Amino acid sequence: MSAVQTTSPTQDDTRRRSPMADVFFSLMRSRTFLVGLVIVLFWVACALFGEHFAPYDPLADDIINALAPPSSEHWFGTDQIGRDVFSRVIVGSRDILTVAPLATLLATIAGTALGLLTGYFRGIVDDVVSRILEAFMAIPVVIVALLAIVALGTSKATVIIVIGLSFAPIIARTVRSAVLAERELDYVAAAQLRHESAFHTMFVEILPNVIPPILVETTVRLGYAIFAVATLSFMGFGIQPPSPDWGLSISSNYGMIGGGFWWTVLFDALAIASLVIGVNLVADGVHGALND
Amino acid sequence: MSLSLVTLFLLSIMVFLGGQVLPGNVGRAILGPFADQRAVDALNHTLGVDRPLLTQYATWIWNFVRGDMGTSYIFRSPVAPFVIDALGNSMKLAAVAFVLVVPIGILGGVVAALNLNRPLDRIISLGGLSVTVLPEFVTGIILILIFGVWLRWLPISAAWPKDAGFFTQLYYLILPSLPLFLVLFGYIARMARSGMIEALDSDYTRTAVLKGLPWRTVIWRHVLRNALLPTITVIATQTGYLIGGLVVIETLFRYQGIGSLIFTAARGKDFPMLESGILTIGIVYAVATLIADFLYSVLNPRIRLGSDQ
């Protein structure tokens, strides 16, 4: 997934930028994209309005009905203190769909700025920064996150910052390679001849032209951010109780899996799986539409 | 090669910062909020955490290199034996996953490339991609439910009985290695597939076919050798990933490896244990990258030619 090859626009003068409409129609024709979009929108709707159509309060316990298997009353059964699993799965989308997109946004902003700077100025700063970023990318996100969260204490903000900053180098790399191709083009030379400031050339002239690869990388990263947030929550370093978050629910229920209480973890696992796959389908569709 | 050393250096700084600088007053953390300030100062002095940062870092690295990894806050005994034991266990788990995934992943990629754009290719490519993007604990939970709870074929915990023989251990390791297998399968199969497609499309393959070599010889001698080179690099870079996966998988399966050691140390704020665990896997990663670079240069005829000049 990470090996998205950014094809720079062709360098001849006859290049024509495909208008937004083109991209839109090609997205609407992509089955991958549409299927992914439906899945993602479903979970977004659950995150926004979940508590209105969830049959029970996701946090209300009911000890007498604890660990009830799925039935017409509790579609997905109940957990160890009798909370309705169906309602929890519905509302459980909220925290992950807040934290992961914000982390991705942070990664995109930081990564784009870094990529523009290193790609535009090149030279020794670029060499040093790029090597360090490359070396940093080899460290698994889980390890970085664990260290930072143990040192700083866990909160949604820590998780967002840690994941955002760990993903920034990857986006920076993509942006940098796109900028390297762009900066050889005439419009950049023209801006430089006009004595535009480096800041103006980078952010006003070049940035709009490297939006497509950034967009692709961002959607791909969103999938990984969901992966990372869910994993951290499962390990107890991410979203904290009493949130009905999926990863968190799995971590508090999987200990009883040997007793055959499969419904307390299966639906949360399937929810994470569907969201991650949905986002990746969208990313695939966006990649396809922008590289046509 | 140098890059993996930079990674290791970065990791050591992060570990040092995360484990020794950011948490603040170590003496206070150990003795608790009600301890006498003089006792805290004395302990800080004994532990050496009141010295300049650079000295502390240098001492820490030097001790680590000599095998002195410090004393666990929780177990009150040297960290090194715990780390070595755990590393051994993790190696077993990683070995099972690798032994399964490398041949099967390559085979999957090769089969997909030979059936390019046919249903078999679609199934392998799409299936590989879908399982690759899923978090390990999600595939782990689903696999536990299928093979451990419903079918009851495999044990749901990786903790084998004492004095278990090789095959019993292997039996207990199959289920934990499967989630790692699934994530890695997608990457390896995809690399092998694109390497194959490129090699099949190349001039030397066409030459080999046109000079009348049997198809089997062409595939084995000309295509596979060239196709698999990039795959080796991918497999090496995936060791870094594999380590991240181990933390999750070992926690899920309650396996006493380096991943669960790091996890337990992190939960208990046992910093010497946490730091040593993370630095150890950093070293393992650097060594794996070195081995891969070496293998690559041995297998790649172009690099061999270059060094002769």
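**Close-up 1. The interface between chain A and chain B buries about 3900 Å², and carbon and sulfur atoms give 82% of that area.** In this predicted model, the contact is built from 42 residues of chain A together with 47 residues of chain B. On the chain A side, Leu147(A), Val150(A) and Phe227(A) are the residues that lose the most area to chain B, and together they make up 15% of what that side buries.

**Close-up 2. Polar pairing across the contact comprises three residue pairs, with both partners in each pair at pLDDT 80 or more.** The count of salt bridges between chain A and chain B is zero.

**Close-up 3. Several helices of chain A each supply at least two residues of the side that touches chain B.** These are α5 (123-137), α6 (141-152), α10 (211-234), α11 (246-253) and α12 (263-290) of chain A. Among them, α12(A) gives the most to this side, with nine residues.

**Close-up 4. A nonpolar surface patch of about 590 Å² is found on chain B.** The patch is made by Ile283(B), Val287(B), Ile291(B), Phe294(B), Leu295(B), Val298(B) and Leu299(B). One of these residues, Val287(B), lies in helix α13 of chain B, which covers residues 271-299.

Notes
Residues are numbered from 1 along each chain as its sequence is written. Chains are lettered from A and ligands numbered from 1 in the order in which they are written. This is a predicted model: local features need pLDDT of at least 70, side-chain atom pairs count only at pLDDT 80 or more; totals for chains, interfaces and linings use all residues. Side-chain values use heavy atoms; hydrogens and water are left out. Patches are made of residues with over 30% relative accessible area and no salt bridge: like charges are joined within 9 Å, nonpolar side chains (Val, Leu, Ile, Met, Phe, Trp, Tyr) within 5 Å. Accessible areas come from the Shrake-Rupley method with a 1.4 Å probe; for residues, only the protein chains shown count as cover. A salt bridge is a side-chain nitrogen of Lys or Arg within 4 Å of a carboxyl oxygen of Asp or Glu. Helices (H or I, at least four residues) and strands (E, at least two) are DSSP runs, numbered from the N terminus. Contact means heavy atoms within 4.5 Å. Buried area is the accessible area (1.4 Å probe) that two parts lose on being put together, summed over both. A polar contact is a pair of N or O atoms within 3.5 Å; within protein, one must be able to donate a hydrogen and the other to accept it, and residues adjacent in sequence count only if both atoms are side-chain atoms.
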